[in-house]
Amino acid sequence: MPTAIITGGAVRIGRVMALHLADKGFNIALHYHKSNPSAVIEEIKSYGVHCQGYSCDFSNLNQAEQFVARVLADFDDVELLINSAANFIQENLEETQRDTLIAVSYTHLRAHETREDLVLRGVGGKKKGGG
């Protein structure tokens, strides 16, 4: 079965996409950060597919760099990446601190770097460039 990596897969749109793809036969590598993924992981497994959760704070460079390596160590047939990770700040823009804006930017940028890392490593079990 093919595997889909879904960032932000425990809640909102990411959760819906994970369930939809599980229903279509995809194994799911489910990224989450602060959300509790337990319920959605069990629901995904009820479709008869494999699902593994991966905690990662994309604003942390070390965690972001290790994320794809961890997924590819568990799944060798990654065919799809859906970036749904988001960092929602609950502040008025005029009151938002610089560090908060930087953390939000890192989350969005590093989630998209996941795609580049997959390409460099070779998606679908054809790993290239180390890894």
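Residues are numbered from 1 along each chain as its sequence is written, and side-chain values use heavy atoms, with hydrogens and water left out. Because the model is predicted, local features need pLDDT of at least 70 and side-chain atom pairs count only at pLDDT 80 or more, whereas totals for chains, interfaces and linings use all residues.

The secondary structure of the protein comprises four helices and four strands, which follow one another from the N terminus in the order β-α-β-α-β-α-β-α; helices (H or I, at least four residues) and strands (E, at least two) are DSSP runs, numbered from the N terminus. Of the 131 residues in the protein, 38% are buried, where buried means under 20% relative accessible area, exposed over 50%, and partly exposed in between, computed with a 1.4 Å probe on protein chains only. Among the contacts with a separation of 6 or more, 56% are made by residues 24 or more positions apart, a contact being defined by heavy atoms within 4.5 Å.

The four strands form an open sheet in the order 3-2-1-4, with parallel pairing; two strands are taken to pair if DSSP finds at least two bridges between them. Strand 3 (51–55) and strand 4 (78–83) are the edge strands, each pairing on one side only, and the twist averages 15° from one strand to the next.

Helix 1 (residues 12–23) touches strand 1, strand 2 (27–32) and strand 4, and its direction makes about 170° with that of strand 1; axes are lines fitted to C-alpha atoms, for helices over the stretch in contact, and angles run from 0 to 180 degrees between N-to-C directions. Helix 3 lies across strand 1, strand 2, strand 3 and strand 4, and runs at about 165° to strand 3. Helix 3 (residues 61–74) also bends by about 30° at F67, the bend at a residue being the angle between axes fitted to the seven residues ending there and the seven starting there. The buried residues of helix 3 include A64, F67, V68, V71 and L72.

The largest nonpolar core holds 17 residues, of which I6, L21, I28, L30 and I44 touch the most other members; such a core is a set of buried Ala, Val, Leu, Ile, Met, Phe, Trp, Tyr and Cys residues joined through side-chain atoms within 4.5 Å. Strand 1, helix 1, strand 2 and helix 2 (38–45) each supply at least two residues of this core, and the largest share, four residues, comes from helix 1. Apart from this core lies another, of 13 residues, among them Y54, A64, F67 and A85. When residues up to four places away in sequence are not counted, L30 touches residues including I6, A18, V40, I41, I44 and Y54.

Three further residues were examined individually. H31 is placed in strand 2 and counts as buried because its relative accessibility is 3%. A polar atom of the H31 side chain lies 2.9 Å from the backbone oxygen of C56; a polar contact is a pair of N or O atoms within 3.5 Å, where, within protein, one must be able to donate a hydrogen and the other to accept it, and residues adjacent in sequence count only if both atoms are side-chain atoms. Leaving aside neighbours within four places in sequence, H31 is in contact with residues including I6, T7, Y54, C56, F58, F67 and A85.

T7, which lies in strand 1, is buried, with a relative accessible area of 0%, and a polar atom of its side chain lies 2.8 Å from the backbone nitrogen of S84. With residues up to four places away in sequence not counted, T7 touches H31, F58, F67, L81, I82, N83, S84 and A85. By contrast, R12, found in helix 1, is exposed, with a relative accessible area of 53%, and has a positive phi of about 50° although R12 is not a glycine.
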